[in-house]
Amino acid sequence: MINFIDNLDFTVLALIAASLVSLMTSYIGVMVVLRRIAFVGATLAQLATAGIALSGLMEIPCNLGAVIMMLLGVGFFAQQDSRQRLPSEGLIAAAYVASGALAVIFIALAPHTDSDMLGLLFGNILAVSAKDLLFMLAVLLLITATNIFFYKEFLLTSFDPMMAQALGYNVKLWNWLFYLSLGLAIATAIHTAGVLLVFSMLVLPPLTGLSLSKKWNWVWINSTITSLLAVFGGVWLSINKDLPTSASIITISCALFLLALVWQKITTRN
Amino acid sequence: MSDIFKFNNVSLGYGSHVILKEVNLNVERGQYIGLVGANGAGKSTLLKAIIGSLKPLSGEITYFDDQGNSVKRIAKLGYMPQHQSLELLFPLSVFDVVLMGRYPQMGWRIWSHSQDKEAVYQALERVKMQDFSSRHISELSGGQLQRVLMARAIVSEPELLLLDEPTNGMDLGASQETLNVVNDLHKQGITVIIVTHILEIIAKNAQKVGIFHQKGEETFLTWGAPHEVLTSNYLDELKTKK
């Protein structure tokens, strides 16, 4: 299987990788946007990056470092309470800048700081391996199954935590599980796609989906379709016009979101 | 009548900050309870403690089943929040929101059976919102949304109904209809706890009243029959705090 995938053209591999990232993030991103925790997503992505840099320093597998840092972040964010003394936005910002600074320090201290490490940090979707793809596919299946199976619990604890508590749901536990699946998606996608692409895929397609429909299933379907459109368009643009892949995908994703906004304006006016 | 829950010297708050001090109360099955107090007096804090989402800083909360045995939590609880506390950007229809009240009955199922759908439509009919089931929640007025949340609270046929300012945002007619639904449910034996700033609702219907009032830095709850606690002193205090 690995040999077969490895023999595929690099553009096909890049397309598959970007599609897997897009499927992983566009689905869970809807809940991220609705819970107003987009910057938690950005911070988890930054933490995963610091984890990859830490892996370089400690010479351990990069996914392991990303998962360790992501778990620390999940533990921190799942414990957040609206009644705490400090505002959560400030704490998220603090975690974001701290993880960014740590990533830079870890790279500076790493014995093999070179372009490979920078590739790992900022992602190089055109250099993805068969092993990476299979790992991403396994994580995608796990996250999708979790989000479908626990759809009701994630929805209720996000929409109305107090009602969830009244009905006997353990809101803290469900928050943990949600952040864990989010963190896992980010940590897995990050070293293929890089911080900026993962963060944008987590936010832009779900926003597009929400602009195009007011029904759960359609929001998810629209989010996934627009995310895949951006991926295919971005990879095509990158190969044919010799442009950076991630930036091309993000730009197309932004354009689709703007189009959706225009569409929303037109349809609500009528 | 047997108690459904009891607060014994319960102090509530967050961290080291005490919001409500030494609350003593007992609610009997089938009672209609009114909670009244100025904004920020601790009404929501008390509701959170009843629901079980806020643990007491000190003292003890005990819940009982209908046999009088002590249990971990109230098994069938209907809760209606204030609509302002909800995020209306969620892509949910009125049906989807009311169905949430049936989630415990649905177990691990993610799709609704015909009995779930029937329960949802019946609950919507009780609050006269049956024609709105496919509407998106952001397309409703404040009063309509309150009625949808009321339908969600009663769809699982609760033994205790907690209502946080249920008539908020409603015109006079809709308020009266909502209160009639509450009264009907109470007549069927459901215990009702209603948080409101409208004293008339409490004076008319409640069998027990809790009034939040401040002494210095701390808030206390005075608990008793309406004629015992709705005295001119407390009412004056409420008027000045509002």
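Helices (H or I, at least four residues) and strands (E, at least two) are DSSP runs, numbered from the N terminus. This is a predicted model, where local features need pLDDT of at least 70, side-chain atom pairs count only at pLDDT 80 or more, and totals for chains, interfaces and linings use all residues. Residues are numbered from 1 along each chain as its sequence is written, chains are lettered from A and ligands numbered from 1 in the order written, and side-chain values use heavy atoms, leaving out hydrogens and water.

Q: How many helices and strands does chain B have?
A: Let's count the DSSP runs in chain B. They come to nine helices and ten strands.

Q: Which radius of gyration does chain A have?
A: The radius is taken over C-alpha atoms, and the globule rule is 2.2 Å times the number of residues to the power 0.38. With 270 residues, a compact globule would come out near 18 Å, which agrees with what chain A has: 19 Å.

Q: What share of chain B is buried?
A: Buried means under 20% relative accessible area, exposed over 50%, and partly exposed in between (1.4 Å probe, protein chains only). Of the 242 residues of chain B, the buried share is 56%.

Q: What does the C-alpha trace of chain B span along its principal axes?
A: Chain B has a radius of gyration of 18 Å, in agreement with a compact globule of 242 residues. Along the principal axes, its trace spans about 50 × 40 × 35 Å.
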